[in-house]
Amino acid sequence: MSNPPAPGALGTLLQREEGLRDDAALVLKQAQDRHAHAEGQLQMLQEHRSQYLARWSVEFGRSTTPQVYECYRNFKDRLDQAITQQQLVIEQRQAAVVRCRAGLVASDQRAAAGRKLIELRLAEWQREEARR
């Protein structure tokens with residue numbers, strides 16, 4: 001009875017694909033972290049805007065000058081712009097997560113295909129050995 005065939009080039013290919021898969025998993029985790037951070041920033045902006053509006057609604061219950069109202073409105077507009085911009089950032093980060101997840105799935109499939117090919121070669125060798 002002879003020794004089973006060494007994986008050789010297939011083993012090297014499998015190691016490479018598994019390394020790429022691990023790298024893809026890390027990239028996905030980083031993309032998910034960036035997405036979560038962007039969502040946290042959006043939540044902070046929205047909370048700040050809500051508190052700002054509440055604080056100034058009380059202030060406007062009293063008399064105020066047109067200049068103060070103009071400053072309030074300008075700052076509120078800037079907060080709205082920041083929120084809109086952050087929503088766009090979240091959309092971009094979500095798209096990046098989707099791309100990274102697809103990359104991970106593709107890498108995982110390539111690694112699985114390499115493992116399957118090695119298993120098939122080993123099974124073929126075992127059949128040959130059984131015939132002898």
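Me: How are α1 and α2 oriented to each other, roughly parallel or roughly antiparallel?
Reply: In this predicted model, α1 and α2 are roughly antiparallel to each other. The two helices pack at an angle of about 165°, and angles over 145 degrees count as roughly antiparallel.

Me: How far apart are their axes?
Reply: The axes of α1 and α2 are 7 Å apart.

Me: What is the handedness of the crossing, left or right?
Reply: The crossing in which α1 passes α2 is left-handed.

Me: Which classes of residue make up the contact of α1 with α2?
Reply: The contact of α1 with α2 has 29 nonpolar residues, 14 charged residues and 12 polar residues.

Me: Let us turn to the cores. Which residues form the largest nonpolar core?
Reply: Six residues form the largest nonpolar core: A24, L28, A31, V97, C100 and L104. Two or more residues of this core are given by each of α1, which covers 8–59, and α2, which covers 66–131.

Me: What else lies apart from that core?
Reply: Another core, of five residues, lies apart from the largest one. Its members include A38, L42, V89 and I90.

Me: Going back to L104, which residues does it touch?
Reply: Not counting residues up to four places away in sequence, L104 touches R21, A24, A25 and L28. Of these, A24 and L28 are also named in the largest nonpolar core.

Me: New topic: S107. Where is it, and is it buried or exposed?
Reply: S107 is in helix α2. Its relative accessibility is 5%, so S107 counts as buried.

Me: Which residues is S107 in contact with?
Reply: Leaving aside neighbours within four places in sequence, S107 is in contact with E17, L20, R21 and A24.

Me: How far is S107 from E17?
Reply: S107 and E17 are 90 residues apart in sequence, and their C-alpha atoms are 6.6 Å apart in space.

Me: And E17 itself, is it buried or exposed?
Reply: E17 counts as buried because its relative accessibility is 8%, and buried means under 20%. E17 belongs to helix α1.

Me: What does E17 touch?
Reply: E17 touches S107, R110 and A111, with residues up to four places away in sequence not counted.

Me: What about L14, buried or exposed?
Reply: L14 is buried, with a relative accessible area of 14%. This residue, L14, is found in helix α1.

Me: Which contacts does L14 have?
Reply: Setting aside neighbours within four places in sequence, L14 is in contact with A111, G114, R115 and I118. A111 is also one of the residues that E17 touches.

Me: How far is L14 from R93?
Reply: The C-alpha atoms of L14 and R93 are separated by 31 Å, and the two residues are 79 residues apart along the chain.

Me: Now A112. Where is it, and how does its accessibility count?
Reply: A112 is in helix α2.

Me: How far is A112 from L45?
Reply: A112 and L45 are 44 Å apart in space, C-alpha to C-alpha, and 67 residues apart in sequence.

Me: Last one: what can be said of Q126?
Reply: Q126 is found in helix α2 and counts as partly exposed, at 43% relative accessibility. The C-alpha atoms of Q126 and R55 are separated by 78 Å, with the two residues 71 residues apart along the chain.

Methods: Residues numbered from 1 in each chain as written. Predicted model: local features only at pLDDT ≥ 70, side-chain atom pairs only at ≥ 80, totals over all residues. Heavy atoms only, no water. Core = buried A, V, L, I, M, F, W, Y, C linked by side-chain atoms within 4.5 Å. Buried < 20%, exposed > 50% of the residue type's maximum accessible area, 1.4 Å probe, protein only. Helix = DSSP H or I, 4+ residues; strand = E, 2+ residues; numbered from the N terminus. Contact = heavy atoms within 4.5 Å. Axes fitted to C-alpha atoms, helices over the stretch in contact; angles between N-to-C directions. Parallel < 35°, antiparallel > 145°, perpendicular 65-115°, else oblique. Left-handed = near helix turned anticlockwise from the far one by under 90°. Nonpolar A, V, L, I, M, F, W, Y, C, P; charged D, E, K, R; others polar.
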